[in-house]
Amino acid sequence: MAGSSQYILVISLCCIGFVAGGFAQLTPFFYMQSCPSVTNIVGGVIQQALQTDPRIAASLIRLHFHDCFVIGCDGSLLLDSTDTIVSEKEGFGNINSARGFEVVDNIKTAVENACPGVVSCADILAIAAEESVRLSGGPGWFPLLGRRDSLIANKSGADELPAPFETLDALKDKFSQRNLDSTDLVALSGAHTFGRAKCETFSFRLYNFNNTNNPDPTLSPTLLATLRQLCPQGGNGSVLTNLDPVTPNTFDNKYFSNLQSENGILQTDQELFSNPGTDAPDTANIVNVFSADQRIFFGQFVVSMIKMGNIKVLTGSQGEIRSNCRRINADISGLSSISTAGLVAQY
(Lines give C-alpha, C1' and ligand atoms only; values in the text may rest on other atoms or scores of the structure.)
Protein backbone atom coordinates (compact mmCIF):
# COMPACT_ATOMS: atom_id res chain seq x y z
CA MET A 1 0.00 0.00 0.00
CA ALA A 2 2.82 2.43 0.78
CA GLY A 3 4.27 1.86 -2.66
CA SER A 4 0.93 2.62 -4.26
CA SER A 5 0.63 5.91 -2.40
CA GLN A 6 4.13 7.02 -3.41
CA TYR A 7 3.34 6.09 -7.00
CA ILE A 8 0.26 8.26 -6.97
CA LEU A 9 2.11 11.22 -5.47
CA VAL A 10 4.42 11.17 -8.48
CA ILE A 11 1.49 10.91 -10.88
CA SER A 12 -0.35 13.79 -9.22
CA LEU A 13 2.66 16.09 -9.41
CA CYS A 14 3.14 15.29 -13.08
CA CYS A 15 -0.49 15.96 -13.96
CA ILE A 16 -1.06 19.12 -11.89
CA GLY A 17 0.01 21.45 -14.67
CA PHE A 18 -2.27 19.69 -17.16
CA VAL A 19 -5.36 19.50 -14.98
CA ALA A 20 -5.06 23.02 -13.65
CA GLY A 21 -4.35 24.66 -17.00
CA GLY A 22 -7.31 27.04 -16.70
CA PHE A 23 -6.82 27.66 -12.98
CA ALA A 24 -3.37 29.18 -12.69
CA GLN A 25 -4.31 30.87 -9.40
CA LEU A 26 -4.48 27.49 -7.62
CA THR A 27 -1.28 25.80 -6.54
CA PRO A 28 -0.32 23.02 -4.13
CA PHE A 29 2.15 25.46 -2.56
CA PHE A 30 -0.36 28.24 -1.79
CA TYR A 31 0.13 28.06 2.00
CA MET A 32 3.83 27.19 1.98
CA GLN A 33 4.73 30.51 3.61
CA SER A 34 1.49 31.60 5.27
CA CYS A 35 0.44 28.28 6.86
CA PRO A 36 2.95 25.51 6.12
CA SER A 37 1.48 23.11 8.70
CA VAL A 38 -2.10 23.24 7.41
CA THR A 39 -2.16 19.71 5.95
CA ASN A 40 -0.72 18.21 9.13
CA ILE A 41 -3.27 20.11 11.22
CA VAL A 42 -6.19 18.91 9.09
CA GLY A 43 -4.91 15.34 9.08
CA GLY A 44 -4.41 15.36 12.84
CA VAL A 45 -8.00 16.41 13.55
CA ILE A 46 -9.36 13.77 11.15
CA GLN A 47 -7.16 11.05 12.62
CA GLN A 48 -8.50 11.84 16.06
CA ALA A 49 -12.10 11.84 14.81
CA LEU A 50 -11.59 8.45 13.14
CA GLN A 51 -10.89 6.87 16.52
CA THR A 52 -14.54 7.24 17.52
CA ASP A 53 -16.24 7.57 14.12
CA PRO A 54 -14.92 5.30 11.34
CA ARG A 55 -17.48 6.82 8.94
CA ILE A 56 -16.04 10.31 9.15
CA ALA A 57 -13.48 9.92 6.35
CA ALA A 58 -16.18 8.99 3.84
CA SER A 59 -18.43 11.76 5.18
CA LEU A 60 -15.75 14.42 4.73
CA ILE A 61 -14.93 13.51 1.13
CA ARG A 62 -18.67 13.59 0.43
CA LEU A 63 -18.85 17.15 1.78
CA HIS A 64 -16.20 18.23 -0.72
CA PHE A 65 -18.09 16.53 -3.55
CA HIS A 66 -21.45 18.06 -2.57
CA ASP A 67 -19.87 21.47 -2.16
CA CYS A 68 -18.24 21.43 -5.59
CA PHE A 69 -21.33 20.14 -7.42
CA VAL A 70 -23.63 23.03 -6.49
CA ILE A 71 -22.12 26.46 -7.27
CA GLY A 72 -18.52 25.35 -7.19
CA CYS A 73 -15.80 24.43 -4.70
CA ASP A 74 -16.37 27.49 -2.54
CA GLY A 75 -17.44 26.27 0.89
CA SER A 76 -21.06 27.33 0.30
CA LEU A 77 -22.30 23.97 1.63
CA LEU A 78 -20.93 24.83 5.07
CA LEU A 79 -23.07 27.96 5.53
CA ASP A 80 -25.95 27.74 8.00
CA SER A 81 -29.27 29.41 7.24
CA THR A 82 -29.68 33.07 8.23
CA ASP A 83 -32.18 35.82 7.39
CA THR A 84 -30.44 36.18 4.03
CA ILE A 85 -29.17 32.66 3.35
CA VAL A 86 -31.05 29.39 2.83
CA SER A 87 -28.50 26.72 3.61
CA GLU A 88 -27.56 24.03 1.11
CA LYS A 89 -27.70 21.69 4.10
CA GLU A 90 -31.49 21.85 3.73
CA GLY A 91 -31.39 20.70 0.09
CA PHE A 92 -32.73 17.28 -0.90
CA GLY A 93 -29.24 15.92 -1.49
CA ASN A 94 -28.01 16.94 1.97
CA ILE A 95 -30.78 17.09 4.53
CA ASN A 96 -30.54 14.32 7.14
CA SER A 97 -27.68 12.96 5.06
CA ALA A 98 -24.61 15.20 4.85
CA ARG A 99 -22.55 14.96 8.03
CA GLY A 100 -19.15 15.87 9.43
CA PHE A 101 -19.77 19.58 9.88
CA GLU A 102 -18.64 19.50 13.50
CA VAL A 103 -15.32 17.98 12.44
CA VAL A 104 -14.91 20.75 9.88
CA ASP A 105 -15.56 23.23 12.71
CA ASN A 106 -12.83 21.56 14.76
CA ILE A 107 -10.42 21.70 11.83
CA LYS A 108 -11.19 25.38 11.26
CA THR A 109 -10.59 26.18 14.94
CA ALA A 110 -7.24 24.36 14.91
CA VAL A 111 -6.16 26.05 11.67
CA GLU A 112 -7.24 29.49 12.91
CA ASN A 113 -5.23 28.97 16.09
CA ALA A 114 -2.12 28.33 13.99
CA CYS A 115 -2.74 30.65 11.03
CA PRO A 116 -5.55 33.13 11.72
CA GLY A 117 -7.40 34.55 8.74
CA VAL A 118 -5.38 32.67 6.14
CA VAL A 119 -6.94 29.33 5.13
CA SER A 120 -10.35 29.24 3.46
CA CYS A 121 -13.08 26.79 4.40
CA ALA A 122 -13.22 25.69 0.75
CA ASP A 123 -9.55 24.70 0.92
CA ILE A 124 -10.14 22.94 4.23
CA LEU A 125 -12.71 20.72 2.48
CA ALA A 126 -10.23 19.94 -0.31
CA ILE A 127 -7.44 19.06 2.14
CA ALA A 128 -9.83 17.08 4.34
CA ALA A 129 -10.91 15.00 1.35
CA GLU A 130 -7.31 14.12 0.51
CA GLU A 131 -6.38 13.35 4.11
CA SER A 132 -9.51 11.23 4.56
CA VAL A 133 -8.52 9.07 1.60
CA ARG A 134 -4.87 8.82 2.62
CA LEU A 135 -5.64 7.92 6.24
CA SER A 136 -8.00 5.19 5.01
CA GLY A 137 -5.35 3.43 2.94
CA GLY A 138 -5.85 5.25 -0.33
CA PRO A 139 -3.53 7.48 -2.35
CA GLY A 140 -2.06 10.74 -1.11
CA TRP A 141 -1.76 13.76 -3.37
CA PHE A 142 -1.11 17.49 -3.24
CA PRO A 143 -4.47 19.32 -3.58
CA LEU A 144 -4.42 22.55 -5.53
CA LEU A 145 -5.13 25.38 -3.07
CA GLY A 146 -5.97 29.06 -3.06
CA ARG A 147 -9.77 28.95 -3.12
CA ARG A 148 -11.79 31.60 -1.35
CA ASP A 149 -15.16 31.22 0.36
CA SER A 150 -18.52 32.07 -1.13
CA LEU A 151 -20.76 34.77 0.33
CA ILE A 152 -23.90 32.94 -0.78
CA ALA A 153 -25.46 29.47 -0.82
CA ASN A 154 -27.77 27.77 -3.33
CA LYS A 155 -30.32 25.46 -1.72
CA SER A 156 -32.08 24.75 -5.03
CA GLY A 157 -28.78 23.58 -6.47
CA ALA A 158 -28.43 21.15 -3.56
CA ASP A 159 -31.87 19.80 -4.47
CA GLU A 160 -30.40 18.68 -7.81
CA LEU A 161 -27.34 16.79 -6.58
CA PRO A 162 -26.89 13.28 -8.06
CA ALA A 163 -29.41 11.01 -6.33
CA PRO A 164 -29.08 7.28 -5.54
CA PHE A 165 -32.03 6.33 -7.79
CA GLU A 166 -30.84 7.98 -11.01
CA THR A 167 -30.05 6.27 -14.29
CA LEU A 168 -26.63 6.13 -15.87
CA ASP A 169 -27.63 8.69 -18.51
CA ALA A 170 -28.81 11.10 -15.83
CA LEU A 171 -25.55 10.69 -13.92
CA LYS A 172 -23.49 11.25 -17.05
CA ASP A 173 -25.47 14.40 -17.81
CA LYS A 174 -24.92 15.90 -14.34
CA PHE A 175 -21.21 15.15 -14.47
CA SER A 176 -20.91 16.48 -18.02
CA GLN A 177 -22.49 19.77 -16.94
CA ARG A 178 -19.45 20.15 -14.67
CA ASN A 179 -16.95 19.14 -17.36
CA LEU A 180 -16.46 15.70 -15.84
CA ASP A 181 -16.52 12.73 -18.22
CA SER A 182 -17.38 9.04 -17.84
CA THR A 183 -13.92 8.20 -16.52
CA ASP A 184 -14.31 10.87 -13.84
CA LEU A 185 -17.78 9.54 -13.01
CA VAL A 186 -16.53 5.99 -12.41
CA ALA A 187 -13.37 7.07 -10.59
CA LEU A 188 -15.17 9.46 -8.24
CA SER A 189 -17.92 6.90 -7.61
CA GLY A 190 -15.09 4.71 -6.34
CA ALA A 191 -15.23 6.79 -3.16
CA HIS A 192 -18.12 4.49 -2.26
CA THR A 193 -15.45 1.95 -1.39
CA PHE A 194 -15.96 3.21 2.16
CA GLY A 195 -18.88 4.77 4.01
CA ARG A 196 -22.46 3.78 4.73
CA ALA A 197 -25.90 4.07 3.12
CA LYS A 198 -29.36 4.30 4.68
CA CYS A 199 -32.05 1.77 3.82
CA GLU A 200 -34.18 4.57 2.40
CA THR A 201 -31.61 5.18 -0.35
CA PHE A 202 -31.88 1.68 -1.82
CA SER A 203 -34.93 -0.14 -0.35
CA PHE A 204 -36.91 0.46 -3.57
CA ARG A 205 -34.47 -1.92 -5.25
CA LEU A 206 -35.48 -4.65 -2.82
CA TYR A 207 -39.25 -4.65 -3.29
CA ASN A 208 -40.59 -2.41 -6.05
CA PHE A 209 -37.95 -1.51 -8.58
CA ASN A 210 -39.30 0.84 -11.26
CA ASN A 211 -42.85 0.18 -9.97
CA THR A 212 -42.70 -3.49 -10.99
CA ASN A 213 -43.41 -4.93 -7.51
CA ASN A 214 -40.25 -6.95 -8.05
CA PRO A 215 -36.64 -6.44 -6.93
CA ASP A 216 -33.97 -4.93 -9.13
CA PRO A 217 -32.81 -7.76 -11.43
CA THR A 218 -29.23 -6.46 -11.27
CA LEU A 219 -29.06 -7.15 -7.51
CA SER A 220 -27.45 -10.48 -6.60
CA PRO A 221 -29.87 -12.90 -4.86
CA THR A 222 -27.53 -13.28 -1.89
CA LEU A 223 -27.24 -9.54 -1.33
CA LEU A 224 -30.99 -9.14 -1.88
CA ALA A 225 -31.74 -11.59 0.92
CA THR A 226 -29.24 -9.90 3.24
CA LEU A 227 -30.58 -6.42 2.58
CA ARG A 228 -34.21 -7.51 2.98
CA GLN A 229 -33.38 -8.76 6.46
CA LEU A 230 -31.71 -5.45 7.29
CA CYS A 231 -34.34 -3.29 5.61
CA PRO A 232 -37.78 -4.94 5.88
CA GLN A 233 -40.57 -3.41 3.84
CA GLY A 234 -42.00 -0.46 5.76
CA GLY A 235 -39.12 -0.63 8.27
CA ASN A 236 -36.76 2.02 9.62
CA GLY A 237 -35.31 3.84 6.62
CA SER A 238 -32.45 5.27 8.67
CA VAL A 239 -30.76 1.91 9.30
CA LEU A 240 -27.23 1.90 7.87
CA THR A 241 -25.28 -0.68 5.91
CA ASN A 242 -21.75 -0.68 4.51
CA LEU A 243 -21.41 0.44 0.90
CA ASP A 244 -18.55 -2.05 0.63
CA PRO A 245 -19.20 -5.13 2.79
CA VAL A 246 -15.72 -6.51 2.07
CA THR A 247 -13.46 -3.72 3.39
CA PRO A 248 -15.95 -1.10 4.67
CA ASN A 249 -13.47 1.36 6.19
CA THR A 250 -10.59 0.97 3.74
CA PHE A 251 -10.08 2.98 0.57
CA ASP A 252 -9.30 0.36 -2.06
CA ASN A 253 -10.72 -0.98 -5.34
CA LYS A 254 -13.06 -3.61 -3.87
CA TYR A 255 -16.01 -1.39 -4.83
CA PHE A 256 -15.45 -2.27 -8.47
CA SER A 257 -15.27 -6.03 -7.94
CA ASN A 258 -18.52 -5.69 -5.97
CA LEU A 259 -20.17 -4.18 -9.04
CA GLN A 260 -18.88 -7.03 -11.20
CA SER A 261 -20.62 -9.54 -8.90
CA GLU A 262 -23.86 -7.47 -8.75
CA ASN A 263 -23.18 -6.42 -5.19
CA GLY A 264 -23.51 -2.66 -5.61
CA ILE A 265 -25.72 -1.23 -2.86
CA LEU A 266 -26.99 1.88 -4.64
CA GLN A 267 -28.69 1.87 -8.03
CA THR A 268 -26.29 4.57 -9.20
CA ASP A 269 -23.39 2.28 -8.33
CA GLN A 270 -24.66 -0.81 -10.10
CA GLU A 271 -25.72 1.26 -13.13
CA LEU A 272 -22.03 1.81 -13.85
CA PHE A 273 -21.74 -1.88 -14.71
CA SER A 274 -24.98 -2.27 -16.65
CA ASN A 275 -24.82 -4.52 -19.71
CA PRO A 276 -21.17 -5.56 -19.44
CA GLY A 277 -19.54 -7.38 -22.33
CA THR A 278 -17.68 -6.73 -25.56
CA ASP A 279 -20.14 -3.97 -26.49
CA ALA A 280 -20.40 -2.69 -22.93
CA PRO A 281 -21.01 0.97 -22.15
CA ASP A 282 -17.81 2.85 -21.47
CA THR A 283 -18.45 2.87 -17.72
CA ALA A 284 -18.53 -0.94 -17.52
CA ASN A 285 -15.21 -1.13 -19.32
CA ILE A 286 -13.72 1.37 -16.88
CA VAL A 287 -15.06 -0.63 -13.92
CA ASN A 288 -13.25 -3.68 -15.29
CA VAL A 289 -9.97 -1.78 -15.58
CA PHE A 290 -10.18 -0.35 -12.06
CA SER A 291 -11.14 -3.72 -10.60
CA ALA A 292 -8.15 -5.38 -12.26
CA ASP A 293 -5.53 -2.86 -11.14
CA GLN A 294 -5.82 -0.77 -7.98
CA ARG A 295 -2.89 1.44 -9.00
CA ILE A 296 -4.73 2.54 -12.13
CA PHE A 297 -7.81 3.37 -10.08
CA PHE A 298 -5.76 5.31 -7.54
CA GLY A 299 -4.02 7.27 -10.29
CA GLN A 300 -7.26 8.21 -12.03
CA PHE A 301 -8.98 9.00 -8.73
CA VAL A 302 -6.30 11.58 -7.98
CA VAL A 303 -6.65 13.15 -11.43
CA SER A 304 -10.45 13.26 -11.16
CA MET A 305 -10.38 14.70 -7.64
CA ILE A 306 -8.06 17.51 -8.72
CA LYS A 307 -10.29 18.14 -11.73
CA MET A 308 -13.45 18.19 -9.61
CA GLY A 309 -11.78 20.47 -7.07
CA ASN A 310 -11.39 23.14 -9.75
CA ILE A 311 -15.11 23.55 -10.48
CA LYS A 312 -15.96 27.28 -10.43
CA VAL A 313 -13.46 28.21 -7.75
CA LEU A 314 -13.28 31.72 -6.28
CA THR A 315 -9.79 33.22 -6.17
CA GLY A 316 -8.01 36.55 -5.80
CA SER A 317 -10.38 39.17 -4.44
CA GLN A 318 -13.53 37.09 -4.94
CA GLY A 319 -15.45 35.94 -1.88
CA GLU A 320 -13.62 36.01 1.43
CA ILE A 321 -11.71 33.91 3.95
CA ARG A 322 -14.35 33.05 6.54
CA SER A 323 -13.34 33.08 10.18
CA ASN A 324 -16.24 30.70 10.89
CA CYS A 325 -17.16 28.19 8.19
CA ARG A 326 -20.84 28.36 9.11
CA ARG A 327 -21.34 32.06 8.40
CA ILE A 328 -20.03 34.88 6.27
CA ASN A 329 -17.87 37.47 7.97
CA ALA A 330 -20.54 40.15 7.63
CA ASP A 331 -24.27 39.98 7.07
CA ILE A 332 -24.69 40.15 3.28
CA SER A 333 -27.63 42.58 3.65
CA GLY A 334 -25.29 45.03 5.34
CA LEU A 335 -22.71 45.18 2.58
CA SER A 336 -22.97 48.54 0.88
CA SER A 337 -20.73 47.91 -2.11
CA ILE A 338 -21.90 44.42 -3.15
CA SER A 339 -25.46 43.48 -4.02
CA THR A 340 -26.96 40.04 -3.73
CA ALA A 341 -27.78 40.11 -7.43
CA GLY A 342 -24.17 40.87 -8.26
CA LEU A 343 -22.96 37.94 -6.18
CA VAL A 344 -25.39 35.54 -7.83
CA ALA A 345 -24.29 36.75 -11.24
CA GLN A 346 -20.77 35.46 -10.59
CA TYR A 347 -22.14 31.95 -11.01
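Predicted model: local features only at pLDDT ≥ 70, side-chain atom pairs only at ≥ 80, totals over all residues.

## The largest cavity

A search of the whole structure for cavities of 30 Å³ or more finds two.

The lining of the largest cavity is formed by His64, Ala126, Ala129, Trp141, Pro143, Leu144, Arg147, Met305, Ile306 and Gly309. Helix 5 and helix 14 are the elements that each supply two or more residues to this lining. Sorted by class, the lining of the largest cavity comprises seven nonpolar, two polar and one charged residues.

## The chain as a whole

The protein chain contains 15 helices and two strands. It has 347 residues, of which 52% count as buried. When contacts between residues at least 6 apart in sequence are considered, 76% of them join residues at least 24 apart.

## The largest pocket

The largest pocket has a volume of about 1000 Å³. Its lining is made up of 41 residues, and those nearest the centre of the pocket are Arg62, His66, Ser97, His192 and Leu266. Two or more lining residues come from each of helix 3 (56-68), helix 7 (168-176), helix 8 (182-189), strand 1 (196-198), helix 12 (267-270) and helix 14 (294-308).

Helix 3 provides the largest share of the lining of the largest pocket, with six residues. By class, the lining of this pocket divides into 23 nonpolar, 11 polar and seven charged residues.

## A network of salt bridges

The structure holds 14 salt bridges. Within it, a network of salt bridges links Asp80, Lys89, Asp105 and Arg326. The side chain of Asp80 meets that of Lys89 in a salt bridge with an N to O distance of 2.5 Å. Lys89 counts as buried because its relative accessibility is 15%, below the 20% limit for that class. Asp80, at 25% relative accessibility, counts as partly exposed.

Asp80 also forms a salt bridge with Arg326, where the N to O distance is 3.3 Å. This pair links distant parts of the chain, since Asp80 lies in the loop between helix 3 and helix 4 and Arg326 in the loop between helix 14 and helix 15 (340-345), 246 residues apart. Arg326 has a relative accessible area of 22% and is therefore partly exposed. A further salt bridge joins the side chains of Arg326 and Asp105, at 2.7 Å from N to O. Because Arg326 is in the loop between helix 14 and helix 15 while Asp105 is in helix 4, the pair ties together parts that are 221 residues apart in sequence. Asp105 is likewise partly exposed, with a relative accessible area of 22%.

## Ser120, a buried loop residue

Ser120 is located in the loop between helix 4 (101-114) and helix 5 (121-135). Is this residue buried or exposed? With a relative accessibility of 0%, Ser120 counts as buried.

A polar atom of the Ser120 side chain lies 2.8 Å from the backbone oxygen of Arg147. Arg147 is also one of the residues lining the largest cavity. Apart from its neighbours within four places in sequence, Ser120 is in contact with Tyr31, Arg147, Arg148, Asp149 and Ile321.

## Asp159, a partly exposed helix residue

Asp159 belongs to helix 6, which covers residues 155-159. At 25% relative accessibility, Asp159 counts as partly exposed, because that class begins where the buried class, under 20%, ends and extends to the exposed class, over 50%.

Which residues does Asp159 contact when its neighbours within four places in sequence are left aside? They are Gly91 and Phe92. Asp159 and Val70 are 89 residues apart in sequence, and their C-alpha atoms are 9.1 Å apart in space.

Technical notes:
Residues numbered from 1 in each chain as written. Heavy atoms only, no water. Helix = DSSP H or I, 4+ residues; strand = E, 2+ residues; numbered from the N terminus. Buried < 20%, exposed > 50% of the residue type's maximum accessible area, 1.4 Å probe, protein only. Contact = heavy atoms within 4.5 Å. 1 Å grid on protein atoms, 1.4 Å probe; cavity = no way out; pocket = protein on both sides within 12 Å on 5 of 7 lines; lining within 4 Å. Points joined across faces, edges and corners; volume = space filled by probe spheres on them. Nonpolar A, V, L, I, M, F, W, Y, C, P; charged D, E, K, R; others polar. Polar contact = N/O pair within 3.5 Å; in protein donor to acceptor, adjacent residues only side chain to side chain. Salt bridge = Lys/Arg side-chain N within 4 Å of Asp/Glu carboxyl O.
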